[in-house]
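Here is a report on one protein model. Please keep the sequence and the coordinates open while reading.

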Amino acid sequence: ATREEARWLRNAARLLRRWPWDRSCLRRSLLVGWILRRHSPELVIGTRMDDGVMHAHAWVRIGTVDLDASAGEHAEFL
């Protein structure tokens, strides 16, 4: 990421921490994808099962790099 993109990402993280409504991974991923749009980001949706309960998660991938450390805990939803 360029210096300007890094600044935008820091500001987005601050905004989402204070956001009084839904701070979902989907909202965060859409915002990160928009900021990094010149890198052709891909929105990825994944699921996992915990004690019989399905959990969904969204993250951004650029090329072969997932920008979320917990992405590996989820099976990509195709």
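## Basis of the model

This is a predicted model: local features need pLDDT of at least 70, side-chain atom pairs count only at pLDDT 80 or more, and totals for chains, interfaces and linings use all residues. Residues are numbered from 1 along each chain as its sequence is written, and side-chain values use heavy atoms, with hydrogens and water left out.

## Overall fold

The protein has two helices and four strands. Helices (H or I, at least four residues) and strands (E, at least two) are DSSP runs, numbered from the N terminus. Along the sequence the pattern is α-α-β-β-β-β.

The C-alpha trace spans about 40 × 30 × 15 Å along its principal axes. The protein has 78 residues, and 26% of them count as buried. Buried means under 20% relative accessible area, exposed over 50%, and partly exposed in between (1.4 Å probe, protein chains only).

## The sheet

The four strands form an open sheet in the order β3-β2-β1-β4, with antiparallel pairing. The edge strands are β3 (65–66) and β4, and each pairs on one side only. Two strands pair if DSSP finds at least two bridges between them. Strands of a sheet pair through backbone hydrogen bonds, either parallel or antiparallel.

Strand β1 (residues 42–50) and strand β2 (residues 53–62) are antiparallel and joined by nine bridges. Within this pairing, L43 has V60 of β2 as its bridge partner. Two residues separate β1 and β2, which form a hairpin.

## Salt bridges

The whole structure holds five salt bridges. A salt bridge is a side-chain nitrogen of Lys or Arg within 4 Å of a carboxyl oxygen of Asp or Glu. One of them joins R38 and E5, with the closest N and O atoms 3.0 Å apart. R38 lies in the loop between α2 (25–35) and β1, and E5 in helix α1, so the pair ties together parts that are 33 residues apart in sequence. R38 is exposed, with a relative accessible area of 56%. E5 is buried, at 7%.

R61 takes part in two of the pairs described here. Its salt bridge with D66 has the closest N and O atoms 2.6 Å apart. R61 counts as buried at 14% relative accessibility, and D66 as partly exposed at 32%. The side chain of R61 also meets that of E76 in a salt bridge (3.2 Å, N to O). R61 lies in strand β2 and E76 in strand β4, so this pair ties together parts that are 15 residues apart in sequence. E76 is partly exposed, with a relative accessible area of 35%. Salt bridges that share partners also join R48, D50 and E73 into one network.

## Positive phi angles

S40 is exposed, with a relative accessible area of 58%.

D51 is another non-glycine residue with a positive phi, near 50°. D51 is in the loop between β1 and β2, in the turn of the hairpin. At 84% relative accessibility, D51 counts as exposed.

## Surface charge

R7, R10, R14, R17 and R18 gather in a surface patch of positive charge. Patches are made of residues with over 30% relative accessible area and no salt bridge: like charges are joined within 9 Å, nonpolar side chains (Val, Leu, Ile, Met, Phe, Trp, Tyr) within 5 Å. Lys and Arg count as positive and Asp and Glu as negative, while His and the chain ends are not counted. The place of a charge is NZ of Lys, CZ of Arg, CG of Asp or CD of Glu. Accessible areas come from the Shrake-Rupley method with a 1.4 Å probe, and for residues only the protein chains shown count as cover.

R14 counts as partly exposed, at 38% relative accessibility.
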